[in-house]
Amino acid sequence: MPATVTLLTDYGLQDEYVGVCHGVIARIAPEARVIDLTHGVPRHAIRSGALALRRALPFTPPGVHVAVVDPGVGGPRRGIALRCVDRLLVGPDNGLLIPAAEHLGGVEEAVDLASSPWLLEPVSATFHGRDVFAPVAAAIAGGAAVAEAGDPLAIEELAALELPRPRRDGDALVAHALLVDVYGNVTLNVRHEDLPASGLAFGHSLEVTAPGRTVHATFTGTFADVPAGELLVYEDASRTLALAVNRGDAAAELQLEPDDEVRLTPR
Amino acid sequence: MPATVTLLTDYGLQDEYVGVCHGVIARIAPEARVIDLTHGVPRHAIRSGALALRRALPFTPPGVHVAVVDPGVGGPRRGIALRCVDRLLVGPDNGLLIPAAEHLGGVEEAVDLASSPWLLEPVSATFHGRDVFAPVAAAIAGGAAVAEAGDPLAIEELAALELPRPRRDGDALVAHALLVDVYGNVTLNVRHEDLPASGLAFGHSLEVTAPGRTVHATFTGTFADVPAGELLVYEDASRTLALAVNRGDAAAELQLEPDDEVRLTPR
Amino acid sequence: MPATVTLLTDYGLQDEYVGVCHGVIARIAPEARVIDLTHGVPRHAIRSGALALRRALPFTPPGVHVAVVDPGVGGPRRGIALRCVDRLLVGPDNGLLIPAAEHLGGVEEAVDLASSPWLLEPVSATFHGRDVFAPVAAAIAGGAAVAEAGDPLAIEELAALELPRPRRDGDALVAHALLVDVYGNVTLNVRHEDLPASGLAFGHSLEVTAPGRTVHATFTGTFADVPAGELLVYEDASRTLALAVNRGDAAAELQLEPDDEVRLTPR
């Protein structure tokens, strides 16, 4: 099978940036299959990109996975390649790759791409997707070893990504909005394994308090379990707690944005 | 030739949902060629998706064609696979697939995917594109028969899609806006074969009356046949009557939305 | 290696137009690798499309390169195919292809597609991407010669694309905004080779005057060289002068649109 390369960026599709990365990969690794995970990560939203990458990669073939959400491009932050059990991750060293790497078994090897032999020279100061990450990923997809991609880097030196943790406050669970998707569904920082200690019970009613407003909701399985226009709390397709309005927009209804605190109180 | 799989959804490209479907297909059918028809169908707009699918499929290679516009996901609506003469359609049983199937020669075999052996378990309540439709399509693209995809379903039990029909009212033809594209061009529910009985004559002037306003137009061949800023009625690239403003936006000019009535009166 | 076909249009991704072009190519040249450069060119913005094409093509494999930004579709403008040293360009004869062709070594052969044997009949008046450009590109990608694609056309008859040139005015350099990207970065019409005569010095301060406002800036290498919220002038990844605000939006800050005059004055 030809190697798979996946791409996830905040480049958007308005300009030719994503197409240029595809071109660079096709020149170096013409047999590789390239899959666009998304290029719609909000600009510079490292956490949103990191979570999307973690959610997507278990469903793709093993391969070389490029992610670029990179507000520090051209500055001192490193470019890196990471080897996990059966995956290779390429991108900036700003925490973007870490949640996916941990989900895939942890980082086994890391290299710093600063003096990689595969850079597209002259390396621009502003487009490392084209000049660093795409050519390195393509070379690895073509069969090169990660160790050849640059200089060894101690795993402890990798930049981490801080994610807020939910906490109990009396009866209530205090969580945070992590992501808002295109439908206005809101992912919370409460995973399936957090539920037993959460005080929340499937099938029960609760109150959802966002900054400035409280709305009644039901903890249920899917949108159609509540009438159109009503709020539900559910485990989403990544087994993470989320808020939705059946045929509506929960983020708009609750005026929620990423990082906002969300209080869930059983009634 | 490797099999072709096409995708059409209302998922948008902001999130990783489409990329995840590509990943699922690539794991199961790595040789398949995947073509994105569009992921920009307005959310839950079954009719818009159904018409886009019908218009696109005659131009793609025969293959497995997945469509997901699915407001009832997780509820009682069925997931289905349909066999037409030389095409296979996969998606929700809400009418979305029917206009394309009829255009391609009609449904010859239908199966209910509820107990398909190819589901990605555990099947989520909210993301059947990933857990039902992509893996079923990939298995068929890999060579499996539709009959193996699930339980036989009587063709008469399939959900239909109601589309409004145009009607004559004296001199006028009363039609409906079906679709508005990104340019503001408006597709009407008047097809090439409806024209002889429509009372409209190519090259002639007419009045176009939308709810609340009437605008002069010419029934002509292409945008450049009228001055910039003027309205034309024309047969679009699917041989369906449409409204456009040369270098402008007909939907905005007429304040038209899908389902609005449009009265065409020769003058 | 299978042939590469690239696509660049102003079709957007909301409708099925791009997917249909992919389908047409896959039917005719099933082995071709198709790369979407971008479909987000602003509607009818020939210059923006021409510059994006020129910037992208040096990074793609040689192949058949389709571009469609075509306000005159269905009118008297020609459809053309051009042969450069190792590339083939296909699109409307409105100047769109010319900057890329010149950058790639110049046009060596041109044909008029009006009576091409490869048109998808009946050719619609409004969707030449589907009916003219995609099938011609696919036939060439499948191994046909450009000369077979249509009737010979004298290179001098090709429509040109006028681009404004920067000029000196005392100490100041008077340039123009060519493009605004999704981040609000503004490409100016000043290329690397124009810099020695520009009066601008790397590392120095300058004033940037847009219609109605003047902002202090630094001519530097990358975003992180100035504090967040400050304006910089830099050579972008295509070695063209550009304006950006570190972690901000230069076009919004300066209220700049394509074609606006921008005065750069050393201080």
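**Exercise 1. A salt bridge in chain C**

Classify C:Arg78 by its relative accessibility, then describe its salt bridge with C:Asp93.

*Solution.*
Step 1. C:Arg78 has a relative accessibility of 23%, so it counts as partly exposed. The model is a predicted one.
Step 2. The side chain of C:Arg78 meets that of C:Asp93 in a salt bridge, with N and O 3.1 Å apart.
Step 3. Now place the partners. C:Arg78 sits in the loop between strand 3 (64–68) and strand 4 (79–83) of chain C. C:Asp93 sits in the loop between strand 5 (88–92) and helix 3 (98–103) of chain C. The pair therefore ties together parts that are 15 residues apart in sequence.
Step 4. C:Asp93 has a relative accessibility of 8% and counts as buried.
Step 5. Look also for bridges with shared partners. A:Glu16, C:Arg55 and C:Asp236 are joined by such bridges into one network.

**Exercise 2. Two salt bridges in chain B**

Locate the partners of the bridges B:Arg83–B:Glu109 and B:Asp194–B:Arg165, and state how accessible each residue is.

*Solution.*
Step 1. Start with the total: over all chains, the structure holds 42 salt bridges.
Step 2. B:Arg83 and B:Glu109 meet through their side chains at 2.7 Å, N to O. B:Arg83 belongs to strand 4 (residues 79–83) of chain B and B:Glu109 to strand 6 (residues 109–112) of chain B, so the bridge ties together parts 26 residues apart in sequence.
Step 3. Check accessibility. B:Arg83 is partly exposed at 29%. B:Glu109 is partly exposed at 22%.
Step 4. Turn to the second bridge. The side chains of B:Asp194 and B:Arg165 meet at 3.4 Å, N to O. This pair links distant parts of the chain, 29 residues apart. B:Asp194 is in the loop between strand 10 (186–191) and strand 11 (205–210) of chain B. B:Arg165 is in the loop between strand 7 (151–152) and strand 8 (167–169) of chain B.
Step 5. Apply the cut-offs: buried is under 20%, exposed over 50%. B:Asp194, at 17%, is buried. B:Arg165, at 55%, is exposed.

**Exercise 3. The contact of chains A and B**

Describe the interface between chain B and chain A by its residues, buried area and polar pairs.

*Solution.*
Step 1. Count the residues. Chain B gives 32 and chain A gives 33.
Step 2. Take the area. About 2600 Å² is buried between the two chains, and carbon and sulfur atoms give 56% of that. Within chain B, the residues that lose the most area to chain A are B:Gln14, B:Glu16 and B:Arg43; together they make up 23% of what that side buries.
Step 3. Find the charged pairs. The rule finds 1 salt bridge across this interface. B:Glu16 forms a salt bridge with A:Arg55, with the closest N and O atoms 2.9 Å apart.
Step 4. Count polar contacts. There are 17 residue pairs in polar contact between chain B and chain A, both residues at pLDDT 80 or more.
Step 5. Ask which element leads on the side of chain B. Helix 1 (residues 17–28) of chain B gives the most, with 8 residues. The residues of that side divide into 15 nonpolar, 10 polar and 7 charged.

**Exercise 4. Aromatic pairs**

Which geometry do the pairs A:Phe223–A:Tyr234 and C:Tyr11–C:Phe127 have, and where do the rings lie?

*Solution.*
Step 1. The structure holds 18 aromatic pairs over all chains.
Step 2. For A:Phe223 and A:Tyr234, the centres are 5.4 Å apart and the planes 75 degrees apart, which is edge-to-face.
Step 3. A:Phe223 is in the loop between strand 12 (213–219) and strand 13 (231–235) of chain A, and A:Tyr234 is in strand 13 of chain A, so the pair ties together parts 11 residues apart in sequence. A:Phe223 is buried at 14% relative accessible area. A:Tyr234 is buried at 3%.
Step 4. For C:Tyr11 and C:Phe127, the centres are 5.7 Å apart and the planes are at 80 degrees, so this pair is edge-to-face. It links distant parts of the chain, 116 residues apart. C:Tyr11 lies in the loop between strand 1 (4–9) and helix 1 (17–28) of chain C. C:Phe127 lies in the loop between strand 6 (109–112) and helix 4 (128–141) of chain C. Both C:Tyr11 and C:Phe127 are buried.
Step 5. Look for clusters. A:Tyr11, A:Tyr17, A:Phe127 and C:Tyr183 form one.

**Exercise 5. The surroundings of C:His65**

Is C:His65 buried or exposed, and which residue does its side chain meet in a polar contact?

*Solution.*
Step 1. C:His65 is in strand 3 of chain C.
Step 2. At 0% relative accessibility, C:His65 is buried.
Step 3. Its side chain makes a polar contact with the side chain of C:Thr6, at 2.9 Å.
Step 4. Set aside neighbours within four places in sequence. The contacts of C:His65 then include C:Leu57, C:Arg87 and C:Val90.

Technical notes:
Residues are numbered from 1 along each chain as its sequence is written. Chains are lettered from A and ligands numbered from 1 in the order in which they are written. This is a predicted model: local features need pLDDT of at least 70, side-chain atom pairs count only at pLDDT 80 or more; totals for chains, interfaces and linings use all residues. Side-chain values use heavy atoms; hydrogens and water are left out. Contact means heavy atoms within 4.5 Å. Buried area is the accessible area (1.4 Å probe) that two parts lose on being put together, summed over both. A salt bridge is a side-chain nitrogen of Lys or Arg within 4 Å of a carboxyl oxygen of Asp or Glu. A polar contact is a pair of N or O atoms within 3.5 Å; within protein, one must be able to donate a hydrogen and the other to accept it, and residues adjacent in sequence count only if both atoms are side-chain atoms. Helices (H or I, at least four residues) and strands (E, at least two) are DSSP runs, numbered from the N terminus. Ala, Val, Leu, Ile, Met, Phe, Trp, Tyr, Cys and Pro count as nonpolar, Asp, Glu, Lys and Arg as charged, and the others, Gly among them, as polar. Rings of Phe, Tyr and Trp (its six-membered ring) pair if their centres lie within 6.5 Å; planes under 30 degrees apart count as stacked, over 60 as edge-to-face and the rest as tilted. Buried means under 20% relative accessible area, exposed over 50%, partly exposed in between (1.4 Å probe, protein chains only).
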